[in-house]
Amino acid sequence: MEPLPKHRCHFLFAIFGVAFLTLFQHTTALDSLSSTDSLSNDQTLVSAGQVFELGFFKPGTSGWYLGICYKKIQVKTWVWVANRDAPLSNSSATLKFGDQGTLTLLDSTGNLTWSSNQTRAVKPVLQLLDSGNLVVRDENDNDRKHFLWQSFDFPTDTLLPGMKLGWDLRTGVNRYITSWRSSTDPSTGDYSFNLDYQGFPEIFLRNQQKIVYRSGPWNGERFSGVPEMNPANGLEFDFVTTQQQVYYSFLTTEGSSIISRLSVNSTGYLERYTWIESSQSWSRFWYAPKDQCDSYKECGVYGICDSNASPVCQCPKGFGPRNPQAWNLRDGSDGCFRKTNLECEKDKFLTMKMMKLPESSTVFVDRSMNIVECRKKCLANCSCTAFANAVVTNGGSGCVMWNSDLIDLRDYAEGGQVLFLRLAASDLGNLLNLTNYIISIYY
């Protein structure tokens with residue numbers, strides 16, 4: 001066979017070279033968008049490690065959305081949606097920077113559908129990180145402390161590792177997750193998981209404004225209402241309380257290959273999922289509410305819910321049911337009443353172990369006190385109804401005092417912590433009193 005003429009070889013090389021470059025451009029995804037670039041419906045941004053992808057999608061019949069999903073997971077799982085309450089009528093849309101470094105999403109007619117806040121960056125860059133965080137930064141500044149805007153500050157229904165659920169008290173930013181309207185409609189649904197930083201901070205699951213479930217306050221190890229919450233299997237939990245910020249977050253430990261997410265779904269469940277590579281599926285690792293006693297105020301004021309008892313609602317020593325008829329019919333929502341009036345400094349305290357601490361938004365908290373000082377302060381305050389340690393680690397420390405009726409108590413077979421309930425001395429009888437309990441801990 002005769003060799004090809006040189007000019008023909010050059011021609012073929014040019015053709016294959018162009019084809020190769022075209023293929024390379026389509027197969028090599030970028031993780032960033034410059035101030036002069038734009039992203040259309042047939043393009044995506046992919047994080048450097050191929051973990052997450054930003055692009056347009058249509059989950060049902062409600063319209064088109066711009067969102068972030070896992071790149072390598074075959075089960076399409078969207079963890080953030082930009083225009084969740086402003087769907088596009090078709091896929092012809094453009095994401096680009098507008099004036100003053102504002103990220104804008106325009107529909108097919110050029111109308112603004114969604115935008116970020118103004119960053120005032122001269123040369124802004126949009127970048128999708130391997131954490132799943134979509135950030136706007138200055139072209140020459142990669143310091144995460146200097147991000148001009150980030151999707152992690154505006155969660156939708158999912159909390160990813162490294163995201164903060166809670167408050168930046170300096171800026172007033174409140175980060176919380178809200179369910180989709182349905183499994184195919186990402187618009188804002190009825191259920192939200194929102195941190196209340198007042199008193200002794202805890203997180204509430206709400207159906208619109210109605211509280212459905214609460215986590216219990218953080219006790220240094222876990223939320224007191226989540227006894228299963230143990231750092232294991234590559235996960236670590238963190239809760240930060242300072243004058244500048246109050247938030248909960250979780251992380252995957254260094255070297256761990258675990259993929260985990262926390263989300264609130266459209267049917268009202270808070271769920272933690274982990275990815276099982278062998279079965280190519282998401283496994284529901286934990287969820288709440290999981291039983292009758294997870295329902296907020298199931299047993300009313302002073303009522304104690306115990307899922308292992310029958311009926312589940314019990315009154316503590318010194319209390320009786322407010323509505324005996326309903327109580328006998330297994331409706332404990334009216335709660336319990338105190339049988340004997342308190343006498344202030346003559347009162348004593350009932351030691352209640354393995355408890356979910358009561359609702360705590362109006363409590364007194366002093367993290368420098370020990371339990372002996374806490375008891376003394378509570379006893380001297382005739383309005384104080386109960387107290388506990390703020391932190392349970394290293395033998396316990398800090399003081400939390402309730403000065404009103406106790407709500408949403410729960411008893412666990414394992415987990416929880418010690419709560420000291422104020423009773424009239426005559427109601428305590430011959431039970432072990434607090435002084436002996438303290439001596440057994442501290443001496």
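Strands are DSSP runs of E with at least two residues, helices are runs of H or I with at least four residues, and both are numbered from the N terminus. The views below show a predicted model, in which local features need pLDDT of at least 70 and side-chain atom pairs count only at pLDDT 80 or more, while totals for chains, interfaces and linings use all residues. Residues are numbered from 1 along each chain as its sequence is written, and side-chain values use heavy atoms, with hydrogens and water left out.

**Figure 1. Overview of the protein chain.** The chain contains five helices and 34 strands. Of its 443 residues, 47% count as buried; buried means under 20% relative accessible area, exposed over 50%, and partly exposed in between, with a 1.4 Å probe and protein chains only. Among contacts (heavy atoms within 4.5 Å) with a separation of 6 or more, 51% are between residues 24 or more positions apart.

**Figure 2. Aromatic pairs.** A pair of aromatic rings is described by the distance of the centres and the angle of the planes. Rings of Phe, Tyr and Trp (the six-membered ring of Trp) pair if their centres lie within 6.5 Å; planes under 30 degrees apart are stacked, over 60 edge-to-face, and the rest tilted. The whole structure holds 18 such pairs. In one of them, Trp80 and Trp149 have ring centres 6.2 Å apart and planes at 65°, so the pair is edge-to-face. Trp80 belongs to strand 6 (residues 78-81) and Trp149 to strand 12 (residues 149-150), so the pair ties together parts 69 residues apart in sequence. Trp80 and Trp149 are both buried. The rings of Trp218 and Phe223 have centres 5.1 Å apart and planes at 80°, so this pair too is edge-to-face. Trp218 and Phe223 are also buried. Elsewhere, ring pairs join Phe52, Tyr70, Trp275 and Trp282 into a cluster.

**Figure 3. Arginines over aromatic rings.** A charge sits over a ring if NZ of Lys or CZ of Arg is within 6 Å of the ring centre and within 35 degrees of the ring normal. The charged end of Arg272 is over the ring of Phe250, 4.1 Å from the ring centre. Arg284 lies over the face of Tyr287, and the distance to the ring centre is 3.8 Å.

**Figure 4. Nonpolar cores.** A nonpolar core is a set of buried Ala, Val, Leu, Ile, Met, Phe, Trp, Tyr and Cys residues joined through side-chain atoms within 4.5 Å. The largest one has 55 residues, and Leu54, Leu95, Leu126 and Tyr248 have the most contacts inside it. Domain 1 (25-152) and domain 2 (155-290), with bounds from an automatic or database domain assignment, both give residues to this core, so it lies between them. Beyond the neighbours within four places in sequence, the contacts of Leu54 include Leu39, Leu45, Leu66, Ile68, Leu95, Leu128 and Leu134. Another core, of 29 residues, lies apart from this one and includes Val301, Ile304, Val391 and Leu423.

**Figure 5. Surroundings of Glu53.** Glu53 is part of strand 4 (residues 52-57). Glu53 is buried, with a relative accessible area of 11%. Its side chain makes a polar contact with the side chain of Thr44 at 2.9 Å. A polar contact is a pair of N or O atoms within 3.5 Å; within protein, one atom must be able to donate a hydrogen and the other to accept it, and residues adjacent in sequence count only if both atoms are side-chain atoms. Not counting residues up to four places away in sequence, Glu53 touches residues including Thr44, Lys71, Lys76 and Leu128.

**Figure 6. Surroundings of Ser249.** Ser249 is found in strand 21 (residues 245-252) and is buried at 7% relative accessibility. Ser249 touches Met163, Lys164, Glu236, Phe237 and Asp238, leaving out residues up to four places away in sequence. The C-alpha atoms of Ser249 and Phe239, 10 residues apart in sequence, are 6.5 Å apart in space.

**Figure 7. Backbone features in loops.** The peptide bond from Ala288 to Pro289 is cis, with omega near -5°. Pro289 lies in the loop between strand 24 (281-288) and strand 25 (304-305). Ser310 and Pro311 are also joined by a cis peptide bond, with omega about 0°; Pro311 lies in the loop between strand 25 and strand 26 (313-314). Arg120 is not a glycine but has a positive phi of about 60°. Arg120 is in the loop between strand 9 (112-115) and strand 10 (124-128), and is exposed, with a relative accessible area of 60%. Gln208, likewise a residue other than glycine, has a positive phi near 55°, and its place is in the loop between strand 18 (202-207) and strand 19 (210-214).
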